[in-house]
Amino acid sequence: MMIRLVSIAVAVALWWLLSLAFPASVLPGPWLTLQTLAQNIAAGNVLVHLWMTLARVAAGLALAMLIGVPIGVLMGLYRQVERALDLWVMVGLTVPSLCYALVCFIWLGLNEAATIVAIGITAAPSIAINLWEGVKNIDTRLVAMARVFEASRWTVFRRVILPQVLPYVMASVRFGLGIIWKIAVLVELIGRPNGVGFQLFYWYQLADMPQVLAWTLLFTIVMLIIELAILKPIEHRLFSWRPRVEL
């Protein structure tokens with residue numbers, strides 16, 4: 001914990017030092033940015049926009065996992081599925097998120113459904129690749145040993161396969177969440193009348209750098225809270241049995 005606090009303090013100190021070399025219209029310092037964020041919170045419009053973005057992120061992540069996890073698992077288990085889908089997963093990974101957003105808005109209209117679909121299908125290929133590699137790295141010797149002891153399929157899945165795949169599932173959640181935050185902000189920027197991305201674009205048009213950094217700082221803080229208060233405890237609870245490798 002102390003190392004994390006020190007790293008944050010160093011980052012803030014570097015930000016403050018850099019801000020001394022530029023006017024506030026180019027790079028406002030940490031204090032001015034915090035003041036701007038506090039004023040936005042006091043004005044009462046932060047929670048509304050933040051809630052809309054969080055709802056889109058959660059729905060987009062759920063859709064991305066719903067698509068990406070089965071595809072990745074099937075590709076890892078069956079060579080025929082891998083050969084049929086590996087090319088298309090890579091194509092889906094390389095198509096820019098802006099293309100997905102524009103196509104979804106044209107097909108489905110400027111609404112929440114199009115926003116969530118654009119977010120989900122953009123992040124799904126990354127999750128599929130992560131699970132694909134995870135399933136391929138399963139230690140088949142442990143599976144064979146379980147079969148020698150006549151373990152049932154459910155027991156093999158629960159006690160042998162699932163513990164090896166779960167770390168990749170958690171990595172996919174963390175990786176997908178990071179991607180989805182960026183996609184959600186982009187989609188809000190081009191097609192929604194609310195959310196953090198909409199606010200960023202609004203203040204960008206006014207060239208108000210303190211506001212741009214204030215909203216950027218807001219979702220950075222929220223992401224850190226999600227990581228440290230939710231994902232880290234879940235990861236520790238699920239994988240506390242694993243020995244730590246140190247060199």
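**Helix packing and annotated spans**

Modeller: Helices α2 and α10 are roughly perpendicular to each other (angles of 65 to 115 degrees count as such, under 35 as roughly parallel, over 145 as roughly antiparallel and the rest as oblique). This is a predicted model, in which local features need pLDDT of at least 70, side-chain atom pairs count only at pLDDT 80 or more, and totals for chains, interfaces and linings use all residues. Residues are numbered from 1 along each chain as its sequence is written, and side-chain values use heavy atoms, with hydrogens and water left out.

Colleague: At what angle do the axes of α2 and α10 cross?

Modeller: Roughly 75°, and the axes come within 8 Å. Axes are lines fitted to C-alpha atoms, for helices over the stretch in contact, and angles run from 0 to 180 degrees between N-to-C directions. α2 covers residues 30-43 and α10 residues 209-239; helices are DSSP runs of H or I with at least four residues, numbered from the N terminus.

Colleague: Which residues make that contact?

Modeller: Among them are L32, L34 and L37 of α2 and L213, W215 and L218 of α10, where contact means heavy atoms within 4.5 Å. The residues of this contact divide into nine nonpolar, four polar and no charged. Ala, Val, Leu, Ile, Met, Phe, Trp, Tyr, Cys and Pro count as nonpolar, Asp, Glu, Lys and Arg as charged, and the others, Gly among them, as polar.

Colleague: And α7 with α8, what angle there?

Modeller: About 170°, with the axes 10 Å apart. The two helices are therefore roughly antiparallel to each other. L142, V143 and A146 in α7 meet V156, V160, I161 and Q164 in α8. By class, that is six nonpolar, one polar and no charged residues.

Colleague: Switching topic, how many salt bridges?

Modeller: A search of the whole structure finds five, counting a side-chain nitrogen of Lys or Arg within 4 Å of a carboxyl oxygen of Asp or Glu. In one, E82 and K136 meet at 3.6 Å, N to O. E82 lies in α4 and K136 in α6, so the pair ties together parts that are 54 residues apart in sequence.

Colleague: Where does UniProt put the transmembrane regions?

Modeller: The unreviewed entry places them at residues 57-78, 85-108, 114-132, 168-192 and 212-231; such annotations may be inferred rather than shown by experiment. In the model, residues 212-231 are 100% helix, with end C-alpha atoms 27 Å apart.

Colleague: What's the average pLDDT?

Modeller: 86 for the chain, and 96% of the residues score at least 70; pLDDT is the predictor's confidence in each residue, from 0 to 100.
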